[in-house]
Amino acid sequence: MLETAIVVKVNEGLHARPATQFAKLAKEFSCSLQIFRGTTCADAKSAVKLMLLGVKQDDQILLRADGSDESDAVRRLLQFLSEPSAGVSLARHGAKDELPVVKAESANEDVSDVLASNADANSKAVPEPPLRGVPASEGLACGEVFVYLPEELRATRQFIEPDEVEQELARFGAAFREAIAALDQQFESIGQHDDIVEALADVAQSDEFSGAVKDRIMSGWDAAAATLQVGEELSAAFLAMDDEYLQSRADDIRGIARQVTLKLLGRDDVSLASLSRPCIVLAADLSALDFARARVANIVGLVCIKGSATSHLAIMARAHGIPAVLGLPVAEERLREAAMVAFDGVQGRVWFDPSPELQADFAARIAQDRHRHAALGVYRDVAPVTRDGRRIAIAANLGSLTEIDAALEAGAMGVGLFRTELLFMDRRTLPDENEQYDVYSQLAQAFYPRAVVIRTLDVGGDKPVPGIVFPEEDNPFLGWRGVRMCLDRPDVFKPQLRALLRAAALGNVHVMLPMVDDLDEILRVKALLADCARELSEQGTAYALPKLGIMIETPAAALTADLLAPEVDFFSIGTNDLTQYVMAVDRVNPNLAALYRTDHPAVLRAMGMVCAAAKKAGIGVAVCGEAAARPEMIPVLIGLGVDELSMSPSSILRAKKIVSEL
Ligand code: PEP
Ligand code: MG
C-alpha cells in the first residue's frame, strides 16, 4: 500500500470536469484508490464522490493506493493533481457557443405607423375582445403556438410489489440509457462541449445516483418515485457544499433525474431547443437562460404570463427583433389550450385562437410592416443630425457576438452597451480571462474604429449566474448586484478587467460600471484597473487603458452626478433601473406597469441634472436604457442634452429617421 500527501494545484479544485477526468484516469488502474481530505475520504474512481469531497485548489490531500499497479497509479495521479490546467479540455478555451441570429422584420416598423395600422384594424371588424398584457417588444405576430410549460413531475405510485422489482430495474436501466443519449444529442444540437455531457453522464452513472436508485427499487420503490427522490437528495447534498462550482452541479443532477423520470413516465419534456418550425412561444415564465438555449430563429413571437417591458426577457426579445407581450394576466390552462395566437407588441393586445378574419387582417398588416421596414433601409449609413445641427450617435445594445451582424446591418454607429452577463449565464462555470478576452476583442475588432462600451458584470437582481452564489435577499434589486458584487469578488472582477484591458489594445474599448452609487466605488475600480495594468505589463502582455464610464441608474448617482463626473470619461443613463429606483416601482412587476414611467417629471428632472453635470465637466452623456428607442422619448432625451442613444439593433433605423427629422 502507498500513501502520499499532496497540495492540489488544479485550477478551482476538483469540480465537475477535473473530477470526471481524474476519476477516468484512476479507473485505468486496477489498484484501489482513495482520497482523504481531512477526516473524510472518497473513492478516487467515482467522480461524484470526488466532487462531494469538495477538494479545492491549494487543499492538502492524501492519496492512498493499494494493488499491483499502485506505484504507476500514484505517479500519474500526482502528476494530474499538480497540474493547474488538469481536467480542462481544449474545447473549454475554444470558440464560444454561437447562438443563431434572427431578424424579425416586423419589429422594425415605425411605431406611429403601427399605431395607425392598429387603429385601422380597430375600425375594421375585430370580433373578440383581446386580452391585454405589457407590450414588451414591438411587432405583430400571428400563428401556431409552442406551449412551454415544464410540469412538476410526480410519480404515479410510490411502491411496487416484490415480483415487480426485476421489471422496474430493467425499466430504470432503459430509461437511464435513453436519457443519457438524449442529453448527448441535446448538447450537440446547441453546440456544447462533450466534456459537459461526460461529467453529467458520470454523475448519473455513479453509485450515488443510479446505484442509489437501484437500491431503492430493490427495497420496493417505484422506479420513477425512486429517481425523483434520489435526484432531490443528491442535489441537496451538492447545494449544501461551500463551493459554488459544486453547488451549481445540483441543477445538473435535478436535470438528469427529470430526464430519466420523463422516460419512465413515457413523457417528453418541453424544450425550446427542440423548436423545429417557426412558432409563437407561450410560457408562464422564461428565464434569460431558457431563451439563450432556444432555437431563436424559430421563435416568431413571445407571450408570457410573467415579465415586464424592462425585464431581461423583454430586452432579449427586442435584441432579436421578436415581438413580445409579457405579463399577460391569464391562467396557465388558457395557454395550454391555445392552438393559435395573434398579438401586437405595441399595445399588448392578445387574441387566443383568432378567427379566420382576424388572421387575414394580421397577415395583411404584417406584410405592410415588412414593407415599411424595407423603406427604413435608406437610413443605414446616415449619421443623424437634428435640424439645429446636433449630431446624435445611434449605437447598439448587444448581449452576445451573434448580434453583431444585425447591428452592423442596421447601421449602428458603435456599441453603447455590451451586457457581459450572457457570457456568464449561458454556461455552467465562470468564463476565464482568456475566454472573455476572445469575446471582447472580437467585438472591438468588428466595430473598429467605432467605440464599443463594454459593461462590467451586472448580475444579481433578476440576473443570477451559475458559479456565483447569491445570498437570499429580501430585496435583490436593492441588494448585492453590479459593481457592489464585483468589488467584493476580485476573483471574479479582475479577470474581467484584465480581459478588457487586453482587448482595449485591439480596438476602441470603453469600460462601463453598472449600479454605481458612490465616488468611492469608482476610485476602487480605478485602483483595481491600475493593479491589472501593472500585472499585465510585468508579464509582458499587450494592453491599453480604456476610457472609463459609469451608468447612471441609481438616484444617488443622479443626485451626485456633479461629484462623479470629474472622475470618469462618460455617463450613460440606464433608464430601466433609474426609473425603477426613482419611482420606487419594481421594473418586473406587471401590476405596476402604469406607474413605471420614464417620462415622469421626477425621472426627467434626475436626467436633466445628469446632463447638466456632464456638460459642465465636458464629458459625453448617453442613454442606454429602453427609453432611448421609444419614439416619443427620443425628442425629450435630446432636448435634455443627451448626445448618444443606444438601443436594440432592431430599433436603430427608426431612431435615425426620427432624429434626422427633429
Ligand atoms: C438600465 O438599467 O437602463 C440598463 C440599461 O441596464 P439593465 O437593463 O441591463 O439593468
Ligand atoms: Mg440597469
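**Figure 1. Pro449 and the loop that holds it.** In this predicted model, Pro449 sits in the loop that runs between α17 (433-447) and β15 (452-455). Look at the link between Tyr448 and Pro449: the two are joined by a cis peptide bond, with omega at about 5 degrees.

**Figure 2. Asp353 in a loop of its own interest.** Here we move to the loop between β12 (349-352) and α14 (356-376), where Asp353 is found. Asp353 is not a glycine, yet its phi is positive, at about 40 degrees. For background, most residues other than glycine have a negative phi.

**Figure 3. The surroundings of ligand 1.** How many residues surround ligand 1? There are 16, and the closest are Arg419, Arg455, Gly574, Asn576 and Arg587. Sorted by class, this shell is made up of seven charged, five polar and four nonpolar residues.

**Figure 4. Polar atoms facing ligand 1.** Start with Arg419, where a polar side-chain atom lies 2.8 Å from an oxygen atom of ligand 1. Next comes Arg455: an N or O atom in the Arg455 side chain is 2.8 Å from an oxygen atom of the ligand. With Asp577 it is the backbone that takes part, as one of its N or O atoms there lies 3.0 Å from an oxygen atom of ligand 1. On its own, ligand 1 has 290 Å² of accessible area, and the protein covers 100% of it. Which elements give two or more residues to the shell around the ligand? They are α12 (312-319), β14 (415-419) and α23 (575-583). The most comes from α23, which gives three residues.

**Figure 5. Helices α7 and α8.** Two packed helices are described by the angle between their axes and the distance between the axes. Helix α7 (residues 207-218) packs with helix α8 (residues 223-239) at an angle of about 140 degrees, and their axes are 9 Å apart. The angle therefore makes α7 oblique to α8. As you follow the pair, note that α7 passes α8 in a right-handed crossing.

How values were computed: Residues are numbered from 1 along each chain as its sequence is written. Chains are lettered from A and ligands numbered from 1 in the order in which they are written. This is a predicted model: local features need pLDDT of at least 70, side-chain atom pairs count only at pLDDT 80 or more; totals for chains, interfaces and linings use all residues. Side-chain values use heavy atoms; hydrogens and water are left out. A residue is near a molecule or strand if one of its heavy atoms lies within 4 Å of it. A polar contact is a pair of N or O atoms within 3.5 Å; within protein, one must be able to donate a hydrogen and the other to accept it, and residues adjacent in sequence count only if both atoms are side-chain atoms. Accessible areas come from the Shrake-Rupley method with a 1.4 Å probe; for residues, only the protein chains shown count as cover. Helices (H or I, at least four residues) and strands (E, at least two) are DSSP runs, numbered from the N terminus. Ala, Val, Leu, Ile, Met, Phe, Trp, Tyr, Cys and Pro count as nonpolar, Asp, Glu, Lys and Arg as charged, and the others, Gly among them, as polar. Axes are lines fitted to C-alpha atoms, for helices over the stretch in contact, and angles run from 0 to 180 degrees between N-to-C directions. Angles under 35 degrees count as roughly parallel, over 145 as roughly antiparallel, 65 to 115 as roughly perpendicular and the rest as oblique. A crossing is left-handed if the near helix is turned anticlockwise from the far one by less than a right angle, and right-handed if clockwise.
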